[in-house]
Amino acid sequence: MSKVRTVLGDLDPARLGRVNYHEHLFQASPLLVGDELDDEASSREEARLLATSGFDAMVDATPIGLGRSPEAVARISLATGLGVIATTGAHREGHYPAAHWLRTLPAEPRGRLFLADLTVGMPRHDGDPAPGDDEHGLAAGPDGAPVRAGLLKAGIGYWSITTFERITLDAVALAHAATGAPVMVHLEFCTAAHEVLDLLAAAGVPAHRVVLAHADRDPNPALHLELAGRGAMLGYDGMARPRTRSDAELLDLTEAVVSGGGGDHILIGGDVARRSRYSAYGGMPGLAYLGTRYLPQLRTRIGADLVEAMLTRNAQRFLTWS
Ligand SMILES: [Zn+2]
């Protein structure tokens, strides 16, 4: 039976509905000091705003060590009715302080750690899992069941893959081989996308199981059609950032990639990610921007049916364990 793994259990993929492929309910990083998402009531309210704006489910794309809070995510999912797919894996190296425990784990134990998050359950807190650390008790959902991750994540730098990031890619491949769980890779400005797909393919992860997050930060349709031609999924999540790139460019990119035959490879999310941009934390424009401001413009450009297919069919296919 095919399945998508959510924080409240496994779902028939068709029941996921409309999916936002990339947001964060909780996140904290030394690179984002002062912009932490760490208040359950505020994150719950923001999740409610996302659901009201036209989404049935979201990926909580926060990996190990960045303030994951699985029990709170499960409570928020139950309270709002929003399906949530949680993440295991690691971000790019810059998010981990020099002494972080994850840095000491070679590929195999790191892969086993990711696998346990997917199959056994995520820890209540992302402390050092070394024996004797009580922080590592398993998170329990509202019904007492373990809260499990449904997606693997790795991250790399700007035209750079450090040793830490390379080990994470290998660990992700190990956990993918055992489960068929989908894989997200954080890219900086879509650099080294081909190189990451090459590394993952060599480690046994086919491109069609990989979404390249932030691919739209290099809005070059020819590059995107090459990546889609290899089978990769393209994560478009850079709307509402006119200081770096206008929504107009993202609309143009999407239209061009659809015209070139790559529409089946596009996933849409907001990746708002910062307290200062969450309505419920007192910021702007909030998670509802995607559904209320951006998607109406995209529907005008490429038609409502194609947008619907990206939010439903593309996301459901990608998130289904193979
Ligand atoms: Zn993100």
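This is a guided tour of a predicted model, with stops to select one after another in your viewer.

Before you start, note that residues are numbered from 1 along each chain as its sequence is written. Because the model is predicted, local features need pLDDT of at least 70 and side-chain atom pairs count only at pLDDT 80 or more, while totals for chains, interfaces and linings use all residues; side-chain values use heavy atoms, with hydrogens and water left out.

**Stop 1**

UniProt positions follow the numbering used here, feature names are shortened, and annotations may be inferred rather than shown by experiment.

Now zoom in on His-22. It sits in strand β3 (residues 19-23); helices (H or I, at least four residues) and strands (E, at least two) are DSSP runs numbered from the N terminus. Is His-22 buried or exposed? His-22 is buried, with a relative accessible area of 1%. Here buried means under 20% relative accessible area, exposed means over 50%, and partly exposed is in between (1.4 Å probe, protein chains only).

Show the side chains of His-22 and His-24, and you will find a polar contact between them at 3.3 Å. A polar contact is a pair of N or O atoms within 3.5 Å; within protein, one must be able to donate a hydrogen and the other to accept it, and residues adjacent in sequence count only if both atoms are side-chain atoms. Leaving out residues up to four places away in sequence, the residues that His-22 touches include Lys-153, His-214, Asp-237 and Asp-271. Contact means heavy atoms within 4.5 Å.

Move on to Lys-153, in strand β6 (residues 151-155). Lys-153 is buried too, at 1% relative accessible area. The unreviewed UniProt entry annotates Lys-153 as "modified residue: N6-carboxylysine".

Asp-271 comes next, in the loop between β10 (266-268) and α8 (288-302). With a relative accessible area of 8%, Asp-271 is buried. Apart from neighbours within four places in sequence, its contacts include His-22, His-24, Arg-217 and Arg-241.

**Stop 2: the largest pocket**

Rolling a probe the size of a water molecule over the atoms shows where empty space is left. On a 1 Å grid over the protein atoms alone, a cavity is a set of points where a 1.4 Å probe fits but cannot get out, and a pocket is an open set with protein on both sides within 12 Å along at least five of seven lines; lining residues have an atom within 4 Å of a point.

The largest pocket has a volume of about 750 Å³. Grid points are joined across faces, edges and corners, and a volume is the space filled by probe spheres set on the points. Which residues lie nearest the centre of the largest pocket? Select Arg-217, Arg-241, Asp-271, Arg-274 and Arg-277, out of 32 lining residues. Then colour helix α7 (residues 247-259), which gives the most to this lining, with three residues.

**Stop 3: the enclosed cavities**

There are three cavities of 30 Å³ or more. The largest cavity has a volume of about 70 Å³, and its lining includes Glu-23, Ala-240, Arg-241, Arg-277 and Pro-285.

The second largest cavity holds about 50 Å³ of space. Val-7, Asp-60, Arg-68 and Met-122 are among the residues that line it. Elements giving two or more residues to this lining are α2 (70-80) and β5 (83-89).

**Stop 4: backbone details**

Select Met-284 and Pro-285: a cis peptide bond joins them, with omega about 0°. Pro-285 is in the loop between β10 and α8.

Ala-240, in the loop between β9 (233-236) and α7, has a phi near 65°, a positive value in a residue other than glycine. Ala-240 is partly exposed, at 25% relative accessible area. Ala-192 also has a positive phi, near 60°, and lies in the loop between β7 (183-186) and α5 (193-202). Ala-192 is buried, at 4%.

**Last stop: Val-4**

Finish in strand β1 (residues 4-6), where you will find Val-4. Val-4 and Ser-322 are 318 residues apart in sequence and 9.7 Å apart in space, C-alpha to C-alpha.
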